[in-house]
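Please open the model in your viewer and keep the selection tool at hand. The tour goes from one stop to the next, saying at each what to select and what is to be found there.

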Amino acid sequence: MYTERKRFRVAAQAGSGAESSYIIMKTATEVCPQCAGSGWKPVPGVPDGGVTRCDCQLQARGGALIAAARIPKRYEHCELSNFTTDFPGADRSIALAQISASRFVQEFNPRDGAGLLLVGGIGTGKTHLAVGILKELIAATGSSCLFCDYRELLKQIQNSYNDSVQATELQVLRPVFEAEVLLLDELGAVKPSEWVWDTVSLILNTRYNDNRTTIITTNFADEPAASVSRSLSPARAAAREETLGDRIGERMRSRLQEMCRIVKMDGPDFRQKFKSASFG
Ligand SMILES: Nc1ncnc2c1ncn2[C@@H]1O[C@H](COP(=O)(O)OP(=O)(O)OP(=O)(O)O)[C@@H](O)[C@H]1O
Ligand SMILES: [Mg+2]
Ligand SMILES: [Zn+2]
């Protein structure tokens, strides 16, 4: 602990004119014992393991990073700790997904770029888990994170081509390229087209090349596109459900396999089962 002399300018209104005077005050400032104020501390338990951001910095940065992550209000309540796995009818994959999410946070290395692809039906808790991971990473590592709704992002990019809109495509995409951890929610939810495929590949390839971590959720099964499922008769191909391969293209699907560990989530729609009365 040390004391610091600070000068506070006090404007005093006196008589006819404004006068100012100075007073000297003593203030006490805590210096963090872990980092001696540098903001960095040695990696615990690893001799010569380099330095990591100190807890004092993480607390100070945490609030700003959460705001910068732009987590939508409807997911603000989502934490890994309030994700339940033992409700009646819960599929076993839900508990396994929670374990994978916790392990992902523990093993997170901002330099290796390994991500997570959460695949599952409606309301199985994919976005909840992904937001929980973002929050834990912010608290534990101080990484810059960004929540990004796939549909919304593509809409914003398309909008940027409109002359009356000020933001350029690069201005929309820069935070998406640069966030240390990107949560891309609902991948594949836009009807595929050449432009959609090009845009998805620009985003995923840029992040892949820069070794940046991407966490993805999708409703589409991680299966090949109809064009490569040669065993299907035309009638069965038409009747089958669309896959991730159909929606983002086979090349990007195979890129995702390199970028992400795949976690499947099955079971009932949690919203219908527990939240229908509360509009949650
Ligand atoms: N296991 C769980 N424990 C607690 N809350 C849950 C769980 N699963 C889902 N929820 C809650 O149910 C709601 C729906 O979950 P979420 O949005 O994560 O589902 P999703 O799989 O992303 O669905 P969609 O495919 O429609 O995007 C959220 O409010 C979420 O917090
Ligand atoms: Mg979701
Ligand atoms: Zn400190």
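Predicted model: local features only at pLDDT ≥ 70, side-chain atom pairs only at ≥ 80, totals over all residues.

Residues are numbered from 1 along each chain as its sequence is written, and chains are lettered from A and ligands numbered from 1 in the order in which they are written.

**The whole chain**

Of the 280 residues in the chain, 25% are buried, where buried stands for 20 or more other C-beta atoms within 10 Å of a residue's own, exposed for 12 or fewer and partly exposed for anything in between, with C-beta atoms placed from the backbone. Among contacts between residues at least 6 apart in sequence, 69% join residues at least 24 apart, a contact being a pair whose C-beta atoms, placed from the backbone, lie within 7 Å.

**Ligand 1**

Next select ligand 1 and the 19 residues around it, of which Gly 125, Lys 126, Thr 127, His 128 and Phe 270 come nearest; a residue belongs here if its C-beta atom, placed from the backbone, lies within 6 Å of the ligand. The elements that contribute two or more residues to this shell are α3 (126-141) and α10 (270-275). By class, the shell holds 5 nonpolar, 10 polar and 4 charged residues, with Ala, Val, Leu, Ile, Met, Phe, Trp, Tyr, Cys and Pro counted as nonpolar, Asp, Glu, Lys and Arg as charged, and the others, Gly among them, as polar.

**Two helix pairs**

Now select α4 (residues 150-160) and α5 (residues 169-178), which pack at an angle of about 150 degrees with their axes 8 Å apart. Axes are lines fitted to C-alpha atoms over the stretch in contact, and angles run from 0 to 180 degrees between N-to-C directions. The two helices are therefore roughly antiparallel, the word used for angles over 145 degrees, whereas those under 35 count as roughly parallel, 65 to 115 as roughly perpendicular and the rest as oblique. Show the side chains of Leu 153, Gln 156, Ile 157 and Ser 160 in α4, which meet Glu 169, Val 172, Leu 173 and Val 176 in α5.

Move on to α6 (residues 194-209) and α9 (residues 250-259), whose axes lie 11 Å apart at an angle of about 25 degrees, which makes α6 roughly parallel to α9. On the α6 side the contact is made by Val 200, Ser 201, Leu 204, Asn 205 and Tyr 208, and on the α9 side by Met 252, Arg 255, Leu 256 and Met 259; together these comprise 6 nonpolar, 2 polar and 1 charged residues.

**Loop residues**

Which phi value does Arg 70 have? Most residues other than glycine have a negative phi, but Arg 70 has a positive one of about 55 degrees. Arg 70 is found in the loop between α1 (55-68) and α2 (92-107) and is partly exposed, with 14 other C-beta atoms within 10 Å.

Pro 72 and Val 131 are 59 residues apart in sequence and 9.7 Å apart in space, C-alpha to C-alpha.

Finish at Asn 211, in the loop between α6 and β8 (213-218), where phi is again positive, near 55 degrees. Asn 211 is partly exposed, with 13 other C-beta atoms within 10 Å.

Methods. Helix = DSSP H or I, 4+ residues; strand = E, 2+ residues; numbered from the N terminus. Contact = placed C-beta atoms within 7 Å.
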